[in-house]
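Please read the following points with the model open beside them.

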Amino acid sequence: MADPTNHNQAGEVAPSTVDKQAPSVAEEHAPSTDSPEATDIPTANAPDPKAANSEDSPKAAKPTAVPPKREKPAAAAKATTGEKPAADATEEKPAAAKAAKKEKAPSVEDKPFVEFIEQDYLPALQKAIAQKGVQDLQVSFAKQKLPITGFESAEECWQIIGSWSEIGKRQFNLYFPDEDIQGKKGFSCNEGKKPSTLESFLIDERKITLDLLVFGLVQRLDGQKWLGRN
């Protein structure tokens, strides 16, 4: 005989246990109205944790590349060993070049007086006068008395004596009483007679060079009309 408690009334079916449990399950997973709370109910938009951690996933974190170890610069390496860096050597080169420029080779004018006259001036003078048409020029260099009237008592001095016999005998003397091309200089000339005048020579020039000394004498002889077609 059936239990009368399983039926409320005749013709009515008692609710199943599933219907009784449904409200409690829904209440358990329903979101709270007070604050948001995550639930364990799966949704269609939630990412798969396994897929997110997969190595094949494009969003998977890649290992950070370790930068290569940089070598020390040569200058720093030499600093640790106590050696001078290469930059110091390059800085010393300009200084050495400047020192070399200051130490110029001595010019011919810096030679001793007699050496300069015999080795440099006389050959250059003969060549310059020959180019003016004088072919029989004879030059000498000697220390002797001045062959000028009124200077018989004067001391001997170095002088260049040049002469040629074209249209009579022509002679000139260039005097160096200071034995220095930068010092006082004199000039005289004559044609078969004893000279009576001593002239100053290149007194306005501040520095005498070989070329200037040659040019000055050639110009003076040309002014005497002794050169070329004169």
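Which residue in β4 does N173 stand opposite? N173 stands opposite S188 in β4.

This is a predicted model, in which local features need pLDDT of at least 70 and side-chain atom pairs count only at pLDDT 80 or more, while totals for chains, interfaces and linings use all residues. Residues are numbered from 1 along each chain as its sequence is written, and side-chain values use heavy atoms, with hydrogens and water left out.

1. Strand β3 covers residues 170-176. Strands here are DSSP runs of E with at least two residues, and helices are runs of H or I with at least four, numbered from the N terminus. Two strands pair if DSSP finds at least two bridges between them.

2. β3 pairs in the antiparallel sense with strand β2 (residues 157-164) over seven bridges. Within this pairing, Q159 has Y175 of β3 as its bridge partner. β3 also pairs with strand β4 (residues 186-191), again in the antiparallel sense, over six bridges.

3. Because six of its seven residues are buried, β3 is largely enclosed by the rest of the structure. Buried means under 20% relative accessible area, exposed over 50%, and partly exposed in between (1.4 Å probe, protein chains only).

4. C157 is buried at a relative accessible area of 7%, and C189 counts as buried at 18%. The whole structure contains zero disulfides, a disulfide being a pair of cysteine sulfur atoms within 2.5 Å.

5. R220 lies in helix α6 (residues 210-223). Leaving aside neighbours within four places in sequence, R220 is in contact (heavy atoms within 4.5 Å) with F187, C189 and E199. R220 and F201 are 19 residues apart in sequence and 9.1 Å apart in space, C-alpha to C-alpha.
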